[in-house]
Amino acid sequence: MSTPVSAPAPPGGARSAVRRRATQQHQQNVANQRPSSTRAAGAGGSSSTMLKLYTDEAAGLIVDPMVVMVLSIGFILSVVALHIIAKITNKLIGN
């Protein structure tokens, strides 16, 4: 008599099957937590997260717009001055 042939065991055994099942469940949970549209995510209009960025309750460094303007103009002027100094020294020292 011949012995019946049993189906081969899945690669990795039972532990691997448990991991696959846990991974699938995790992926389903993540997919269910994501908003299904950009409107639901807040990209289509005002949302509470966007409004928090521009209020006084926002955590972080608060800088006056005038300070930003003065610093940016000062940076631009320093770059221009360095270019002028480089041109003058190049004419005096170099060819």
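1. Accessible surface. In this predicted model, the protein exposes about 9,200 Å² of accessible surface. Carbon and sulfur atoms account for 63% of that area. Of the 95 residues, 3% count as buried.

2. Secondary structure. The protein contains four helices and zero strands. Read from the N terminus, the order of elements is α-α-α-α.

3. Confidence. The mean pLDDT of the protein is 75, and 54% of the residues score at least 70. Helix H2 (residues 38–41) has the lowest confidence, with a mean of 56, while H4 has the highest, at 95. Where pLDDT is low, the predicted coordinates should not be read in detail.

4. Nonpolar patch. Eight side chains deserve a mention here: Phe75, Ile76, Val79, Val80, Ile84, Ile88, Leu92 and Ile93 make up a nonpolar patch on the surface. Together they have about 840 Å² of accessible area.

5. Ile93. This member of the patch lies in helix H4, which spans residues 65–93. Is Ile93 buried or exposed? Ile93 counts as exposed because its relative accessible area is 74%, against a cut-off of over 50%.

Note on methods: Residues numbered from 1 in each chain as written. Predicted model: local features only at pLDDT ≥ 70, side-chain atom pairs only at ≥ 80, totals over all residues. Heavy atoms only, no water. Helix = DSSP H or I, 4+ residues; strand = E, 2+ residues; numbered from the N terminus. Buried < 20%, exposed > 50% of the residue type's maximum accessible area, 1.4 Å probe, protein only. Areas by Shrake-Rupley, 256 points an atom, 1.4 Å probe, with all protein chains shown as cover. Patch = residues over 30% accessible without salt bridge, like charges linked within 9 Å, V, L, I, M, F, W, Y side chains within 5 Å. Salt bridge = Lys/Arg side-chain N within 4 Å of Asp/Glu carboxyl O. pLDDT = per-residue confidence, 0-100.
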